[in-house]
Structure formats: C-alpha cells, structure tokens
Amino acid sequence: MTATKFDATRVMDLEDAFDFECHPGLECFTTCCRDVNIFLAPYDVIRLRHGLDLGSDEFFEKYTHVLTKPGGVLPLVTIKMTGEDKTCPFLSPDEGCRVYDHRPWSCRLFPLNLEESGQFTYLCGPERCPGLDSPNRERIHRWLVDQGAAEYQDNHLLYSEVTSHPKLGRLDVANPAITKMIFLATYDLDRFKDFVFQSSFLQKFDVSEETVFKALRYEVDLLKLGLDWIKFGLFGEPTLKIKPEVVARHQGPPEGDDESS
Ligand code: SF4
Ligand code: SF4
C-alpha cells in the first residue's frame, strides 16, 4: 500500500481516514515533544496532576506558564518547556512520555486539530510529523478511541460552554478579577475547593447534597460546579440558585412594612 498524496488543506470528518503511523521505532520519535506550544485545558490539568500526584500550587509553579489571552479575559495555561531546544518537561530520554496515560488532549490529537465545527484538519505536514507519510490508513473515530480521547473531548466541550459563550466578549478585559475568577473555578481546583467548603458559598447557594458530595470527592465534579458558578456569576445563567433566605435578607422588609408603625 502507498500513502496518498498529503493535502494540507483537507478537512475531515470522524468517518474519514488519514495516512498515519506512530511508534517508538521511528527516527522522529518524540521530536514532536520539543519546540511546541501545548495549551492545557482544565481537564488536562486534572489528569496531569493526578498522574504526577501534585497539588495545584506545585503543578502550576513547576510545569506551567499562566497568562491571559491577549485582548480577552480567559486564562491561558501552557506547559513550561525546558532547555535550549524547548523540550517538554514530561519527556524522558529513555521512556518517552512519562505521563503517557495522563497526557494532554492536544498530545492525543497530534498531528490533527479539532476545529470548532467538529471537523479535523492537519496541524502540520509530513516534514514536521513524518508519520503522516506512512501508507497505514487510520479511520479518525477509531484512532481517537485508541488515543483515549472520549472523556477529554466531553470535558473540553463542557469548558467550551464558557470559552465560546456569546457574552464572553462583552466582559471587561481590563478587569483582572474576572480572569482570576475563571482561573480559580476551572484550573486552580485545590483553592476552589477551599473556597466552596470553607467560605459562605454553601450558605449562599442552594446546592444539592449529591452535588456537594461529588464535588468534595471528584475533581471533575468540582470543575462542573466551578463552570456553573462562572456561568451564573459572569453570564447571568440560572445554573445556580441563591437560597431564598439570602435573597430575602438582601431585599430587606417589603415596601409598606414600616417597622416604626
Ligand atoms: S506531555 Fe508527553 S506527549 Fe505531550 S509533549 Fe510532553 S512528553 Fe510529549
Ligand atoms: S513526529 Fe509524528 S510520527 Fe513522529 S513521533 Fe511525533 S507524532 Fe509520531
């Protein structure tokens, strides 16, 4: 079998196949883990921290750059590359990726890119990823299963309800408190957990016992609560409910109910 001619402009659906092969025997093995920007979504951070057994503070300090998207409010988290050739800190010269089971979504998708339309394009050509010159045909949906991509995609879709929210562009880009809030509730989950369970959060919001139970034990559920809090606080969506007694306290006595009478 020979590889079909590479077409950099090709847009593919899940059912389409592309020529690709990647394994440790290739000369290019792990070259793609150098000189590359790897953006982390909140679920990537949950998985990497779990794989490395690290708390939020240590993970962000040691392995990431945290920036703000230019002209926007979204936090941007990238892996802090090391050395002159900008190597991923998780690359081991002998073993390859030492966080392989917990590697980020973009590493799982490489050399493809998932577009907002749900279709796939090539992130690079065979000059950067020689595996694209292989005659081996991979059907995208099967390849994604091999990459363990499904739960990553589900969680990225949840986060994209915030990142592609129509009201996001209207937020005040000069207000760093908004970026802090988004970072806290999506990335910095150790701190967000303290915020939920050690502040007046649960006295203020009517959160079900099941949600509280799950958020206390599972970071993915804590992240879902964080996303609800952002959608409520920043976009005015009814994803959380303020307890009636808190509303009443802030409204004060009804009109005409004059305590002096
Ligand atoms: S996380 Fe693993 S696969 Fe991804 S760039 Fe780093 S070493 Fe490579
Ligand atoms: S460059 Fe492509 S083929 Fe080579 S190791 Fe990376 S993903 Fe695999």
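## Ligand surroundings

Around ligand 1 lie Cys33, Ile38, Cys88, Phe90, Leu91, Cys97, Val99, Arg103, Pro104 and Cys107, a residue being near a molecule if its C-beta atom, placed from the backbone, lies within 6 Å of it. This shell divides into nine nonpolar residues, no polar and one charged, where Ala, Val, Leu, Ile, Met, Phe, Trp, Tyr, Cys and Pro count as nonpolar, Asp, Glu, Lys and Arg as charged, and the others, Gly among them, as polar. The model is predicted, and local features need pLDDT of at least 70, side-chain atom pairs count only at pLDDT 80 or more, and totals for chains, interfaces and linings use all residues. Residues are numbered from 1 along each chain as its sequence is written, while chains are lettered from A and ligands numbered from 1 in the order in which they are written.

The residues around ligand 2 are Cys22, Leu26, Cys28, Phe29, Thr30, Thr31, Cys32, Phe110, Pro111, Cys129, Pro130 and Gly131, and they divide into nine nonpolar, three polar and no charged.

Strand 2 (64-68) and strand 3 (75-79) run antiparallel and are joined by five bridges; strands are DSSP runs of E with at least two residues, helices are runs of H or I with at least four, and both are numbered from the N terminus, while two strands pair if DSSP finds at least two bridges between them. Val66 has Val77 as its bridge partner in strand 3. The two strands form a hairpin with six residues between them, and Gly71 in the turn has a positive phi of about 70 degrees.

In a regular strand the side chains alternate between the two faces of the sheet.

## Val73 in the loop

Val73, in the loop between strand 2 and strand 3, counts as buried because it has 22 C-beta neighbours inside 10 Å. Beyond its neighbours within four places in sequence, Val73 is in contact with Leu171, Val173, Ile178, Thr179 and Ile182, contact meaning that the C-beta atoms, placed from the backbone, lie within 7 Å.

## Helix 7

In helix 7 (residues 189-198) the buried residues are Leu189, Phe192 and Val196. They are on the same side of helix 7 because they cover an arc of only 55 degrees around the axis, taken from the directions from the helix axis to the C-beta atoms. The face turned away from this buried side carries the exposed residues Asp194 and Gln198.

Notes. Buried ≥ 20, exposed ≤ 12 C-beta atoms within 10 Å, placed from the backbone. Contact = placed C-beta atoms within 7 Å.
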